[in-house]
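Please look at the sequence and the model before reading on.

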Amino acid sequence: MTAAEGSGTLGVEIWRGAEQGHFQTFAIPRRTHQTVLDVVTEVQREHDSTLSYRFACRVGMCGSCAMVVNGRPRWTCRTRVSEVAEDGRLRLEPLRNFAVVKDLAVEMTQFFDKWKEAKGSFEPGPEPKRDFAVVPPASKERQAADAGIECIGCGVCYSACDVVAWDEGYLGPAALNRAWTLVNDVRDRGQSDRLDAVSGGGGCQACHTHMSCTSFCPKAIAPTYAIAGLKRAMLMRSLRGAP
Amino acid sequence: MSAKLFLLQRASAFVLAFAVAAHLATILYAVRGGLTAGEILSRTHGNVAFLAFYSLFVLAVALHAPIGLRNILREWTPWRGRSLDLALALFALLLLALGFRAVFAVFTS
């Protein structure tokens, strides 16, 4: 615990409005082990009940409380104020690259629609095997899937990605990461459609490897490597003569 | 960008990485030695290795530059669709024509 934590006052600027709006400033007492989400909750309960934001689990599982904190996208429930406050100030904005519903709540429909576009769901095929599939934990495919499977869909990577900002059609790091986990699912029977889906105009090859997604992912997932894997899979398929 | 364009751009980049280095090294070598234009042309005239190397170079440039430019235009402008593809196909043809014109001029003169 730092000396400042647990005492004094925090100056909190919060975005109010939708695409057009302004910052409203609140003075919130510093508390021990206070998270950014604690601050937002205190503002809403004690200062302005019209403040809109989104959260559910408060323990880093649900992925609903992400915001831009002092210019960087973060999960606010697991971000301590003491780690991010600059000179006793917090500036909270809605996630970048999402339409703003109100205040800190963003519209996530497009984000999740892109998971569907990337064929980000398991495809068992017309005749799924009736018995359990044996997938050795040490196998290359299982380990590649494990590396990206813990995504909580918070949108931090999507907010951090420059390519998403430039190209509205780009599927984004989370959807491509999900596709890569399924490319490595040996039970899946939808690989051809999936590789088609991630090889289109907004597919994996649009990634510039800036690695912002990997840098900001709160779950320490590396979507950049997943996207690189998709590029390899796409190239190998292309070399074999597929479209 | 389709998988084919992506492959072509990566493959052409691989060629250019070596070709540009060889091109620059040759320029430095030729200039350092104080060769005149006439002396350089006498070495390139009828030289099939020179013709093959620079033909590959021109081909790689004509593939790599338009695909890259297409990506940039798609990211930074609203230009999309067939008109963009057609414009960049013409740009590729222009690079090919200018490049081969120069290569043949040096090879045959």
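This is a predicted model: local features need pLDDT of at least 70, side-chain atom pairs count only at pLDDT 80 or more; totals for chains, interfaces and linings use all residues.

Residues are numbered from 1 along each chain as its sequence is written, chains are lettered from A and ligands numbered from 1 in the order in which they are written, and side-chain values use heavy atoms, with hydrogens and water left out.

Q: Why is the pair of Phe98(A) and Tyr158(A) called tilted?
A: Rings of Phe, Tyr and Trp (its six-membered ring) pair if their centres lie within 6.5 Å; planes under 30 degrees apart count as stacked, over 60 as edge-to-face and the rest as tilted. The ring centres of Phe98(A) and Tyr158(A) are 5.0 Å apart and the planes stand at 55°, so the pair is tilted.

Q: What makes the pair of Phe111(A) and Tyr158(A) edge-to-face?
A: The angle between the planes is 75°, with 5.2 Å from centre to centre; an angle over 60 degrees therefore places the pair in the edge-to-face class.

Q: Which parts of chain A does the pair of Phe111(A) and Tyr158(A) tie together?
A: Phe111(A) lies in helix α3 (residues 109-117) and Tyr158(A) in helix α5 of chain A, so the pair joins parts that are 47 residues apart in sequence. Helices here are DSSP runs (H or I, at least four residues), and strands are runs of E (at least two), numbered from the N terminus.

Q: How do you know whether Phe98(A) is buried or exposed?
A: Buried means under 20% relative accessible area, exposed over 50%, and partly exposed in between (1.4 Å probe, protein chains only). Phe98(A) has a relative accessible area of 7%, so this residue is buried. Tyr158(A), at 1%, also counts as buried, as does Phe111(A) at 2%.

Q: How many salt bridges does the rule find across the interface of chain A and chain B?
A: The rule requires a side-chain nitrogen of Lys or Arg within 4 Å of a carboxyl oxygen of Asp or Glu. Across this interface it finds zero salt bridges.
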